[in-house]
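Reader: I have a structure to look at and some terms to sort out. Could you go through them with me?

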Amino acid sequence: MKSDIRVCSAWRERHDRPVYTLSVDCPDCGADAVNSAPAPFDPEDPYGEYRRSLKRRNR
Ligand SMILES: [Zn+2]
């Protein structure tokens, strides 16, 4: 059986962590959900800190 787990394509902007779903769009924000096969989550994301500070400033 083929696994069909998808992840919110906009989770980096809209969520604190990847939002996984079996649907074609994110149950949280409605953005497209993309196949998660090539792990989109990089814990060593060099831009993570930058993005987080941006987010903080925008609030
Ligand atoms: Zn989302």
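This is a predicted model: local features need pLDDT of at least 70, side-chain atom pairs count only at pLDDT 80 or more; totals for chains, interfaces and linings use all residues.

Reader: What makes cysteine 26 count as buried?

Author: Buried means under 20% relative accessible area. Cysteine 26 has 4%, so the term buried applies. Histidine 15, at 11%, is therefore buried as well.

Reader: Why is isoleucine 5 called partly exposed?

Author: The relative accessible area of isoleucine 5 is 38%. Exposed needs over 50% and buried under 20%, so isoleucine 5 falls in between and is partly exposed. Isoleucine 5 sits in the segment before strand 1 (6-8). With Tyr20 and Leu22, Ile5 forms a nonpolar surface patch of about 330 Å² accessible area together.

Reader: Which residues are the protein donors of the zinc ion?

Author: They are Cys8 (SG), His15 (NE2), Cys26 (SG) and Cys29 (SG), at 2.1 to 2.3 Å from the zinc ion. A donor atom must lie within 2.8 Å of the metal, so these atoms qualify. Their spacing in sequence is C-x6-H-x10-C-x2-C. Histidine 15 belongs to the loop between helix 1 (11-14) and strand 2 (20-21), and cysteine 26 to the loop between strand 2 and strand 3 (33-35), so this pair ties together parts 11 residues apart in sequence.

Reader: Why is the arrangement around the zinc ion called tetrahedral?

Author: Four donors are tetrahedral if all angles lie between 85 and 135 degrees. The angles here are 106 to 113°, so the arrangement is tetrahedral. The ideal angle for four tetrahedral donors is 109.5 degrees.

How values were computed. Residues are numbered from 1 along each chain as its sequence is written. Side-chain values use heavy atoms; hydrogens and water are left out. Donors are N, O and S atoms within 2.8 Å of the metal (3.2 Å for Na, K and Ca); water is not among the atoms, so sites may look incomplete. Four donors count as tetrahedral if all angles lie between 85 and 135 degrees; four count as square planar and six as octahedral if opposite donors are over 155 degrees apart and all others between 65 and 115; anything else is irregular. Helices (H or I, at least four residues) and strands (E, at least two) are DSSP runs, numbered from the N terminus. Buried means under 20% relative accessible area, exposed over 50%, partly exposed in between (1.4 Å probe, protein chains only). Patches are made of residues with over 30% relative accessible area and no salt bridge: like charges are joined within 9 Å, nonpolar side chains (Val, Leu, Ile, Met, Phe, Trp, Tyr) within 5 Å. Accessible areas come from the Shrake-Rupley method with a 1.4 Å probe; for residues, only the protein chains shown count as cover. A salt bridge is a side-chain nitrogen of Lys or Arg within 4 Å of a carboxyl oxygen of Asp or Glu.
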